[in-house]
Amino acid sequence: LADFTYFLMSLVMPSSDGTGLSGADLPALGIPGVQEVVARYCELTGRAEGLPALEWYFAYNMFRLAAICQGIAGRVRDGTASSAHAEAMAARVPMLGDAAWRFAEMAGA
């Protein structure tokens, strides 16, 4: 489920950072929303109970991605980053941390 919800993250991440689709008109783009994708996943995998703890999974994955980006920030600082996009990835740490905490709060933290 962690991998599946990681796949869903682009649907809940802000579109303002160029990687997310939150706030976008998904039907106009021909993209199914979170609940539609979850319903299809549950149908195909035989999960009758759905995904009741979806916010926890989003919090986990956002914190995980923030940690990965923090590692990239360290490589930028040390001058060992190999990607041309490393600085942009490093700059995403605060946004990802804030988003992770919002999902954790929604989940009851």
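**Notebook: helix packing, core and cysteines**

I looked up the pair α1 and α4 to begin with: helix α1 (residues 2-12) packs against helix α4 (residues 54-78) at an angle of about 85°, and their axes are 9 Å apart. The model is a predicted one, in which local features need pLDDT of at least 70 and side-chain atom pairs count only at pLDDT 80 or more, while totals for chains, interfaces and linings use all residues. Residues are numbered from 1 along each chain as its sequence is written, and side-chain values use heavy atoms, with hydrogens and water left out.

I noted the terms. Helices (H or I, at least four residues) and strands (E, at least two) are DSSP runs, numbered from the N terminus. Axes are lines fitted to C-alpha atoms, for helices over the stretch in contact, and angles run from 0 to 180 degrees between N-to-C directions.

I then classed the angle: α1 and α4 are roughly perpendicular to each other (65 to 115 degrees; under 35 is roughly parallel, over 145 roughly antiparallel, the rest oblique). From α1 the contact (heavy atoms within 4.5 Å) takes in Ala2, Thr5, Tyr6, Leu8, Met9 and Val12. From α4, I listed Leu54, Tyr57, Phe58, Tyr60, Asn61, Met62, Arg64 and Leu65.

I checked threonine 5, which is found in helix α1. Threonine 5 has a relative accessible area of 0% and is therefore buried (under 20%; exposed is over 50%, partly exposed in between, with a 1.4 Å probe and protein chains only). Leaving aside neighbours within four places in sequence, threonine 5 is in contact with Leu54, Tyr57, Phe58 and Asn61.

Next I looked up the largest nonpolar core, which has 25 residues. Such a core is a set of buried Ala, Val, Leu, Ile, Met, Phe, Trp, Tyr and Cys residues joined through side-chain atoms within 4.5 Å. Two or more residues each come from α1, α3 (34-45), α4 and α6, and α4 gives the most, with seven. Leu8 is one of the residues with the most contacts inside the core. Outside four places in sequence, leucine 8 is in contact with Val34, Val37, Val38, Leu54 and Phe58.

I went on to valine 93, in helix α6 (residues 93-106). Valine 93 counts as buried because its relative accessibility is 16%. Beyond four places in sequence, valine 93 touches Ala66, Cys69 and Gln70.

Last, I searched the whole structure for disulfides (pairs of cysteine sulfur atoms within 2.5 Å) and found zero. Cysteine 42 is buried at 9% relative accessible area, and cysteine 69 is buried at 0%.
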